[in-house]
Amino acid sequence: MKARIPAGRLLFDGKMKDLAPVGNPREAIRRKLDNPTGCAALRDLVSAGDKVLILIEDNTRNTPLKMMLPVLLDYLEGCGVASKHIELLTAPGTHRVMTSQEIVDKVGQVVVDRVKISQHDFRDKTQMVDLGVVEVGPSKIPVHVNRKALEADFVIGTGNIVPHSDAGFSGGAKIVQPGICGFATTAATHVAAALLDEIPLGVMDNPCRAGMEEVARRVGLAFIVNTVLNHRGEIVGVVAGDFVKAQREGAAIATEAYGVDVPEPADIVIVSSFPCDIDYWQAEKGLISAYFAVKKGGCIIFVTPCPEGLEHNHPRLRDWLKLGYREACCLARSTSPGDETNDLVAADLGICNSRIREKASVLLVSDGLTGEDSAVLGYTKVEDLQEAVDTALRRVPGGTIGVLPMGGVCLPVLEGVGSRTSKDNRDNRIKSAAISKESS
């Protein structure tokens, strides 16, 4: 999809750094399993005869599991853990479960034939065990988790680390919460982020991440293996070990990989939701990136395919999307995390949308979202990208234009602005992660 823009109007193009990929990803993973961050080598932590549960993401994420899992399985078998004692559990949070073909596409037929694979479904209450409550500041988080995690002797989390609008960055404990938890647990952690004064994209020290990590401690997440990819999808980093220390190490790499320098907010931001394209539930991540790069009163051109439409498993999302920011926050504060009727998980997306909509107008270019969907979201749907650009320039004559071609994973870094996305704060995050690595 292409469009012409006036000469001299382009303020930033959203390019990411060309970080070099690791030379031998399989060997890099093997080395990390023997030399992890913050704990002993994996071979010293597992025992022959252990029942090992490996948590894997669903089809909305892009960890290179086809390459990673055979290496991990070979390693575990080398430690004396038989394939019959290893199980994979999908960790979709409140997303829909995958089809059989999607599982094959995700992990490869060789893995499907090698070990048992089960799927977490948050709607199935018989899968859940109540582990009580953990406290993070003023928040009380009910811990409802898939019983398979408690039946295993050793739980390993996998994943890929990118900037994330609720957790700061993905990876680490996030494979447990929301991955294999019940509705109330996910509602409690996510609404904590939604009610902050600002969206915590790229901010590790936030109540959502803290809640996820307390839940993972209660559940017993023992070890993680996470990757970091560059904008071409190549592995530029592998981290493994303690689910906090190793994840912070990966987040520092992800900050470099996905950071996009923004000299100043633009009047018009053209953003693609790529690679978070499957539905609006994922695609909103692109809008959140644009939110940090657009001027107040400006215009966002949101380009997203959304082949599966607006939402799955969350019919109340449409109601939350219609609310203004203050109204949505007030209702969220008065709603219990366990109230599935009001659905605080959907509230998280609704509150983010209202923040975006009240900062800038949104022009929607999408085959998968209907005119009705657009109206619920509060956007204006247009036929193609060129029409959207022309419309935006009529609204903001002479406006500057910024482009975020990978909005679903990018981290806008504002130069010289005292905000959590400023260059100084980005550099401080990298330093903090490096200090954590050195002291582990």
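Analyst: Buried means under 20% relative accessible area, with over 50% exposed and the range between partly exposed (1.4 Å probe, protein chains only). The model is predicted, so local features need pLDDT of at least 70 and side-chain atom pairs 80 or more, while totals for chains, interfaces and linings use all residues. Residues are numbered from 1 along each chain, and side-chain values use heavy atoms, without hydrogens or water.

User: Why does Tyr291 count as buried?

Analyst: Tyr291 has 9% relative accessibility. The limit is under 20%. Tyr291 is therefore buried.

User: What about Phe292: buried or exposed?

Analyst: Phe292 has a relative accessible area of 7%, so this residue is buried.

User: How many aromatic pairs does the whole structure hold?

Analyst: The search finds one aromatic pair. Its rings belong to Tyr291 and Phe292, with centres 5.2 Å apart. That meets the rule for Phe, Tyr and Trp (six-membered ring) of centres within 6.5 Å.

User: What is the geometry of the Tyr291 and Phe292 pair, and why?

Analyst: The ring planes stand at 85 degrees, so the pair is edge-to-face. The classes are stacked under 30 degrees, edge-to-face over 60 and tilted for the rest.

User: Which residues of β3 point which way?

Analyst: Ile86, Leu88 and Thr90 point one way. Glu87 and Leu89 point the other way. All of them are buried. In a regular strand, side chains alternate between the two faces of the sheet.

User: What makes β2 and β3 a pair?

Analyst: Pairing needs at least two DSSP bridges. β2 (residues 52-56) and β3 have five, in the parallel sense. In one of these contacts, Ile56 has Thr90 of β3 as its bridge partner.

User: How many bridges join β3 to β4?

Analyst: Four bridges join β3 to β4 (residues 116-119), and the two strands run parallel. Glu87 stands opposite Lys116 in β4.

User: How many cavities does the model have?

Analyst: There are two cavities of 30 Å³ or more. A cavity is a set of 1 Å grid points where a 1.4 Å probe fits but cannot get out, and lining residues have an atom within 4 Å of a point.

User: What lines the second largest cavity?

Analyst: The lining includes Pro163, His164, Ser165, Leu201 and Lys285. Ile288, Ser289, Gly408 and Cys410 are there too. The volume is about 50 Å³. β8 (163-164) and α10 (280-291) each supply at least two lining residues. α10 gives the most, with three residues.

User: What makes a pocket, and which residues lie nearest the centre of the largest pocket?

Analyst: A pocket is an open set with protein on both sides within 12 Å along at least five of seven lines. The largest pocket has a volume of about 780 Å³. It is lined by 49 residues, and Arg61, His164, Lys174, Gln282 and Lys285 lie nearest its centre. Elements supplying at least two lining residues each include β7 (154-160), α7 (183-194) and α13 (344-359). The largest share, five residues, comes from α10.

Terms used
Grid points are joined across faces, edges and corners, and a volume is the space filled by probe spheres set on the points.
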